[in-house]
Amino acid sequence: MKRQKRYLIPLITAVMMLVVAACGGDDTDDDTDDTPVVEPTEDTTPELTAPPQPTEPTEEEIAEEEIQAAFDDLIAKMDHYYANVSELAGAQDEAWAREVMADWPLTYLGAAETELEGFVHGWARHEADQIGETNVLGHQVDEFETIGLLDTATSTACVDRDGLEYVDFDGEPVDIPQPTTRSSRWEMTWHYIEQDDDGAWLLEEAVVEPDEDC
């Protein structure tokens, strides 16, 4: 009986050692970090680009703006005359029309200046002032060319004088003979004229015809 007990003790001891070893292995596995490592990715933020810079206008674009401004100025000054004939007309002096037109954008002694001078004289005979303003329906520059040393341009405009009213010098309404078609087409020729180290586009010639389709 005593021999059998001595063999049983080593067996129990071995079993206990295996259990302890097994438990120790579980502790080691629990301490292991299984979280996956995230590798850094490339920056996908879009690159910022500077906005496109505005382009400088060309010489022709600048000239077009100057011609259109000159025509608007001419119409405005003609309207000023029509609205103030009672003050600006001086029938006793044949030179008064030139004074009225002194700052109009016209070439000196050009066809347009000569024609409009006669028109200024003719309008004064109505002895009436205009109420309202002329409406420019559209104006575009058609072509540029250089003749000799002279820069030249042609342009076309549509002008509407419908809706204008007229009063005599006493302020009473008066009828002024008008074309049946109140809109007209202007075919114009301009010259760039140097003036005192500066220059301006001035009207050389204008052909004005009634045009109901303007």
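Partly exposed residues are those with a relative accessible area between the buried limit, under 20%, and the exposed limit, over 50%. The legends below refer to a predicted model.

Figure 1. The bridge is one of 5 salt bridges in the structure.

**Figure 2. Lys77 also forms a salt bridge with Asp103.** The closest N and O atoms of this pair are 3.5 Å apart. Lys77 lies in helix H2, whereas Asp103 lies in the loop between helix H4 (96–100) and helix H5 (111–124), so the pair ties together parts that are 26 residues apart in sequence. Asp103 has a relative accessible area of 47%, so this residue falls in the partly exposed class, because exposed requires a value over 50%.

**Figure 3. Arg185 and Asp211 form a salt bridge.** The closest N and O atoms of the two residues are 2.8 Å apart. Arg185 is in strand E5 (residues 183–195) and Asp211 is in the segment after strand E6 (198–210), so the bridge ties together parts that are 26 residues apart in sequence. Asp211 has a relative accessible area of 17% and is therefore buried, since buried means under 20%. Arg185, with a relative accessible area of 27%, is partly exposed.

**Figure 4. Asp73, Lys77 and Asp103 belong to one salt-bridge network.** The three residues are joined through salt bridges that share partners. Side chains of opposite charge can pair when their charged atoms come close.

**Figure 5. Leu149 sits in a loop between two strands.** The loop that holds Leu149 runs between strand E2 (135–147) and strand E3 (150–160). Leu149 has a relative accessible area of 86% and so counts as exposed. The C-alpha atom of Leu149 is separated by 10.0 Å from the C-alpha atom of Tyr192. Along the chain, Leu149 and Tyr192 are 43 residues apart.

Technical notes: Residues numbered from 1 in each chain as written. Predicted model: local features only at pLDDT ≥ 70, side-chain atom pairs only at ≥ 80, totals over all residues. Heavy atoms only, no water. Salt bridge = Lys/Arg side-chain N within 4 Å of Asp/Glu carboxyl O. Helix = DSSP H or I, 4+ residues; strand = E, 2+ residues; numbered from the N terminus. Buried < 20%, exposed > 50% of the residue type's maximum accessible area, 1.4 Å probe, protein only.
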